[in-house]
Amino acid sequence: MKGKVKKQDSMLDGVRCVVNTCYYYGEGDCCMASQIEIQPRNASNSDQTDCSTFAPK
Ligand code: SF4
């Protein structure tokens, strides 16, 4: 399986993502992963966080 989690036919509700180089990216800026994980713990601002579920296309 490519990536860490299953790629679904439906978008992940409540997530808008513009990372169009990701395997899970969906048309219209959505995420088609079954779940995502954001890291790291103890971040102090949004610049320090990212999606660790990202996988290259
Ligand atoms: S896995 Fe993360 S980076 Fe990839 S489309 Fe979903 S939210 Fe965006």
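Of the 57 residues in the protein chain, 9% are buried. Keep in mind that the model is a predicted one.

**Exercise 1. Describe the secondary structure and overall dimensions of the protein chain.**

Step 1: go through the elements. There are four strands and zero helices, so from the N terminus the order reads β-β-β-β.

Step 2: place the strands. β1 covers 25-26 and β2 covers 30-31; β3 takes in residues 38-39, and β4 is 50-51.

Step 3: check the dimensions. Along the principal axes, the C-alpha atoms fill a box of roughly 35 × 25 × 20 Å. A compact globule of 57 residues would have a radius of gyration near 10 Å, and the protein chain's 11 Å agrees with that.

Step 4: look at contact range. Among contacts with a separation of 6 or more, 38% link residues 24 or more positions apart.

**Exercise 2. Work out the surroundings of Gln39: is this residue buried or exposed, and what does it touch beyond its sequence neighbours?**

Step 1: locate the residue. Gln39 sits in strand β3.

Step 2: count C-beta atoms. Gln39 has 11 others within 10 Å, so it is exposed; the cut-off for that class is 12 or fewer.

Step 3: look for contacts. Setting aside neighbours within four places in sequence, Gln39 contacts Thr49, Asp50 and Ser52. Take Asp50: it is eleven residues from Gln39 in sequence, yet their C-alpha atoms are 5.6 Å apart.

Step 4: check the next peptide bond. Gln39 and Pro40 are joined by a cis peptide bond, with omega about 0°. Pro40 itself belongs to the loop between β3 and β4.

**Exercise 3. Asp29 and Asn42 have positive phi values. Where does each one sit, and how exposed is each?**

Step 1: start with Asp29. Its phi is near 60°, and it isn't a glycine. You'll find Asp29 in the loop between β1 and β2. It has 13 C-beta neighbours inside 10 Å, so it counts as partly exposed.

Step 2: move on to Asn42. Here phi is near 65°, again in a residue other than glycine. Asn42 is in the loop between β3 and β4, the loop that also holds Pro40. With 5 C-beta neighbours inside 10 Å, Asn42 counts as exposed.

**Exercise 4. Place Lys7 in the chain and find what it contacts away from its sequence neighbours.**

Step 1: locate it. Lys7 is in the segment before β1.

Step 2: classify it. Lys7 counts as partly exposed because it has 15 C-beta neighbours inside 10 Å.

Step 3: list the contacts. Leaving out neighbours within four places, these are Tyr23, Tyr24, Met32 and Ala33. For the pair Lys7 and Tyr23, the C-alpha atoms are 8.5 Å apart, with a sequence separation of 16 residues.

Notes
Residues numbered from 1 in each chain as written. Predicted model: local features only at pLDDT ≥ 70, side-chain atom pairs only at ≥ 80, totals over all residues. Helix = DSSP H or I, 4+ residues; strand = E, 2+ residues; numbered from the N terminus. Buried ≥ 20, exposed ≤ 12 C-beta atoms within 10 Å, placed from the backbone. Contact = placed C-beta atoms within 7 Å. Rg over C-alpha atoms; globule rule 2.2 N^0.38 Å.
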